[in-house]
2 protein chains.
Amino acid sequence: MSVTSTGPEKRTLADDAYTDLKSRIMRSELAPGAKLSIDGLAKQLAFSQTPIREALARLESEGLLARRPLSGYTVAPLLSTAEFADLFDLRMMLEPLAARRAAERATGGDVRGRAGARSTPASGTGAAGPLETDDLLAAALTPPPDADKLLFTEADRRFHNEVAALSGSVQIEKAIRRLDAHLHLHRAYIKPESIEETEAEHLAVAEAIVVRQPRAAEEAMRRHLERSRTRHAAAFSAVNGETAAKPKRAKAVR
Amino acid sequence: MSVTSTGPEKRTLADDAYTDLKSRIMRSELAPGAKLSIDGLAKQLAFSQTPIREALARLESEGLLARRPLSGYTVAPLLSTAEFADLFDLRMMLEPLAARRAAERATGGDVRGRAGARSTPASGTGAAGPLETDDLLAAALTPPPDADKLLFTEADRRFHNEVAALSGSVQIEKAIRRLDAHLHLHRAYIKPESIEETEAEHLAVAEAIVVRQPRAAEEAMRRHLERSRTRHAAAFSAVNGETAAKPKRAKAVR
DNA sequence: ATGCGGAAGATCCTATAGGATAGTGTCGCG
DNA sequence: CGCGACACTATCCTATAGGATCTTCCGCAT
């Protein structure tokens, strides 16, 4: 995130529409199943249909939207229990690996002798800077429990993305980011009590990375995901009845 | 591939442009770095610009194209040595797992008692049919060595995608497909002699899956990827000098 | 010869209009 | 009272035109 800031890039209206819509989906302002009207969005954002179409095409390619060719776009539906388990299976495969690699590549607080670095010349294409661990520790901290729940979900995603970025593998990072984007809705279901738990687990992962203990980092991430999975499952089954039945119709964007 | 044919869907011009361009990229008719002109493609395909823009946006989201906001689209450049290694690292993580799961879920040729199936109810969301293994064995066979090299690359990609589909995890399948799409160019560099090797390794994987030996399938896939990696690396370094220097400019689409 | 500045051309980006299709409501019939 | 056909509306899909930006080429000064 903060690492890959490559400067002030040129932005088109399609880019603005893309980030705006993605942000709305992440914030659950647009509920799963909600219909996205093309010219509705155009009038709402005050630009024409063409940039909107481009943004929607990108979001659909990422799996955040579903498209029916002559009918329109809708926000991707909530994950079923099986799909959720499937997604977590892959997270359990990727994220501990990312944590391990991040620990291997980390420049501890006592940086200096980084001359003969590049321990694994074949792997690793990322361009993480020297102060990377500061960002990581900052991202591990969750906002105070009385804050908006949205802040917590955002912090949670940022931490996982930060670890992914520090892995040094752009492919692994991309894969993790893609999966994380699909968890937006489920994160909102988490119970307030478990926020502190999450923060403790995040810090455990972050510290293991900072002190360069790959095995410990990998294991800490694995345990975090396992606990996170049970937390989500509990919250998920609680509202399962509602999601199974069709909620009449999710409100569309006019 | 053949498993997930859900019927004759409605197709728009944007869909046609998307598949056409993707096919051209896979066939290396569009070389890396080649510029894709919007209205150039529009005139060539006899559509207007709007569907073209939509198709390009999707391809860019998949990483097959690169976009510079007010400058245009270009075909994604050839992978560097480090990027190639990075991509293979992730393949080595995902594909053996997919092979193992495919073997676990496989309905051997002696199918019948599939009543109490669903051994792992939590995982697995794919909807693979009963005759899946036939497709797999068919996909493992490579075309005769005197055939066009394009047929081989296509068969190679089909086999790996087939195994991914049989894994029963749509997330794993998507991840593998995405990675495979980036290997199109490198596959073209393979030496003709190694085609038979590849076929033998594919068959070893396929057979292990069909006879439901998960460990063997996983290991066979791992060994196949390792050998494939060295084959690609050899062919890659052979042409490395050319790719390092800028080839003047790849021809654009007028 | 090399580097810099400016103008012409090409291309992208955006906006708007018209044809085509899916969804919805109503009317009539069984 | 229920069901099917029809017409209407809303929306998507496509096409075309104009303004803004980048790229390129040429000339000139150093």
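The surface near DNA strand C draws at least two residues from each of helix H1 (13–26) and helix H3 of chain A, together with helix H2 (38–45) of chain B. Helices (H or I, at least four residues) and strands (E, at least two) are taken here as DSSP runs, numbered from the N terminus. This is a predicted model, in which local features need pLDDT of at least 70 and side-chain atom pairs count only at pLDDT 80 or more, while totals for chains, interfaces and linings use all residues. Residues are numbered from 1 along each chain as its sequence is written, and chains are lettered from A and ligands numbered from 1 in the order in which they are written.

Around DNA strand C there are 18 residues, of which A:Thr12, A:Leu13, A:Phe47, A:Ser48 and B:Ile38 come nearest; a residue counts as near a molecule or strand if its C-beta atom, placed from the backbone, lies within 6 Å of it. H3(A) makes the greatest contribution to this surface, with three residues. Sorted by class, the surface near DNA strand C holds eight nonpolar, eight polar and two charged residues. In this sorting, Ala, Val, Leu, Ile, Met, Phe, Trp, Tyr, Cys and Pro are nonpolar, Asp, Glu, Lys and Arg are charged, and the others, Gly among them, are polar.

We can now turn to the other DNA strand. DNA strand D is surrounded by 18 residues, the closest being A:Ile38, A:Gly72, B:Thr12, B:Leu13 and B:Ser48. Two or more residues each come from helix H2 (38–45) of chain A and from helix H1 (13–26) and helix H3 (49–61) of chain B. H3(B) gives the most to the surface near DNA strand D, again three residues, and the classes there are eight nonpolar, eight polar and two charged.

Between the chains, 31 residues of chain A are in contact with 31 residues of chain B, where contact means that the C-beta atoms of two residues, placed from the backbone, lie within 7 Å. On the chain A side, helix H3 (49–61), helix H4 (81–105) and helix H7 (170–181) each supply at least two residues. H4(A) gives the most, with nine residues. By class, this side has 13 nonpolar, eight polar and 10 charged residues.

Within chain A, the domain assignment (bounds from an automatic or database assignment) gives domain 1 (14–77) and domain 2 (81–240). Their contact takes eight residues from domain 1 and seven residues from domain 2. The domain 1 side has four nonpolar, two polar and two charged residues.

In chain B, three strands form an open antiparallel sheet in the order S1-S3-S2; strands pair if DSSP finds at least two bridges between them. Strand S1 (35–36) and strand S2 (65–68) of chain B are the edge strands, each pairing on one side only. Four bridges join S2(B) to strand S3 (residues 72–75) of chain B, and B:Arg68 has B:Gly72 in S3(B) as its bridge partner.
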